[in-house]
Amino acid sequence: MSLRRRTTTRVTVDQQRGVFMISVAAELADMHPQTLRMYESRGLIEPKRSPKGTRLYSQADVERLRRIQEMTTELGLNLAGVERVLVLEEELERATRRLEALERRSAQMREEMAAELENVRRSLKAEIVPYKTSTDLIRAEEVRPPGRRSIRIERDGG
């Protein structure tokens, strides 16, 4: 007797790819297929279509259907409320993505500004001459150019 080894092949599918027919999607979402049709007519869900027009639901569609069901059964929202919540969630997601992009750009600009400031500091470092206030005593040798004789000025004490 020969034993055949059984192999299992796992296939990963993009979350957005329509792979489930309406009956399978309805079963996965624990809904009646007619409910899915109604949700589609209200614009709550937009399944992909095959070349022949068959509705094809993605994993993301099934998750959205489950979310809709959660809002209607557990939270007691009507479909108008569900529509509003979904619109607000999408707006929030867009705003969050925009904020994240702006934060990334801000960090990049801060880095560029710090690098430019460091370049300016380096370029000016050679040009900067120490400043001594008028109360500091300065020796004649520090001021007199080399090779020049100093002139002595005497003051009267009176």
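Author: Helices here are DSSP runs of H or I with at least four residues, strands are runs of E with at least two, and both are numbered from the N terminus. With that, Asp 30 is found in the loop between H1 and H2.

Reader: What kind of model is this, and how are residues numbered?

Author: It is a predicted model: local features need pLDDT of at least 70, side-chain atom pairs count only at pLDDT 80 or more, and totals for chains, interfaces and linings use all residues. Residues are numbered from 1 along each chain as its sequence is written, and side-chain values use heavy atoms, with hydrogens and water left out.

Reader: Back to Asp 30. What is its phi?

Author: Positive, about 60°, although Asp 30 is not a glycine. The residue comes just after H1.

Reader: Buried or exposed?

Author: Asp 30 is exposed, with a relative accessible area of 61%. The cut-offs: buried is under 20% relative accessible area, exposed is over 50%, and partly exposed lies in between (1.4 Å probe, protein chains only).

Reader: Zoom out. What is the secondary structure of the chain?

Author: Five helices and two strands. Along the sequence the pattern reads α-α-β-β-α-α-α.

Reader: How much of the chain counts as buried?

Author: 17% of the 158 residues. The accessible surface comes to about 14100 Å², and 51% of that belongs to carbon and sulfur atoms. Those areas come from the Shrake-Rupley method with a 1.4 Å probe; for residues, only the protein chains shown count as cover.

Reader: And the largest nonpolar core, how many residues?

Author: The core has 18 residues. Leu 36, Tyr 39, Leu 44, Tyr 57 and Leu 65 have the most contacts inside it. H1 (22-29), H2 (33-42), H3 (59-73) and H4 (79-125) each supply at least two of its residues. A nonpolar core means buried Ala, Val, Leu, Ile, Met, Phe, Trp, Tyr and Cys residues joined through side-chain atoms within 4.5 Å.

Reader: What is Tyr 57 in contact with?

Author: Skipping neighbours within four places in sequence, its partners include Ile 22, Ala 25, Leu 36, Ile 45, Pro 47 and Leu 65. Contact means heavy atoms within 4.5 Å.

Reader: Which residues of H1 are buried?

Author: Ile 22, Ala 25, Ala 26 and Ala 29. Seen down the axis of H1, they fall within an arc of 100°, so they line one face of the helix. The arc is that of the directions from the helix axis to the C-beta atoms.

Reader: Why would spacing like that work?

Author: An α-helix has 3.6 residues a turn, so residues three or four places apart point the same way.

Reader: What do the buried residues of H1 pack against?

Author: H2, strand E2 (55-56) and H3.

Reader: Now E2. How far is Leu 56 from Ser 23?

Author: Leu 56, in strand E2, is 10.0 Å from Ser 23, C-alpha to C-alpha, and 33 residues away in sequence. Not counting residues up to four places away, Leu 56 touches Phe 20, Met 21, Pro 47 and Asp 61, among others.

Reader: And Ser 58, where is that?

Author: In the loop between E2 and H3. Ser 58 is buried, with a relative accessible area of 0%. Beyond four places in sequence, its contacts are Gln 15, Gln 16, Arg 17, Gly 18, Val 19 and Phe 20.
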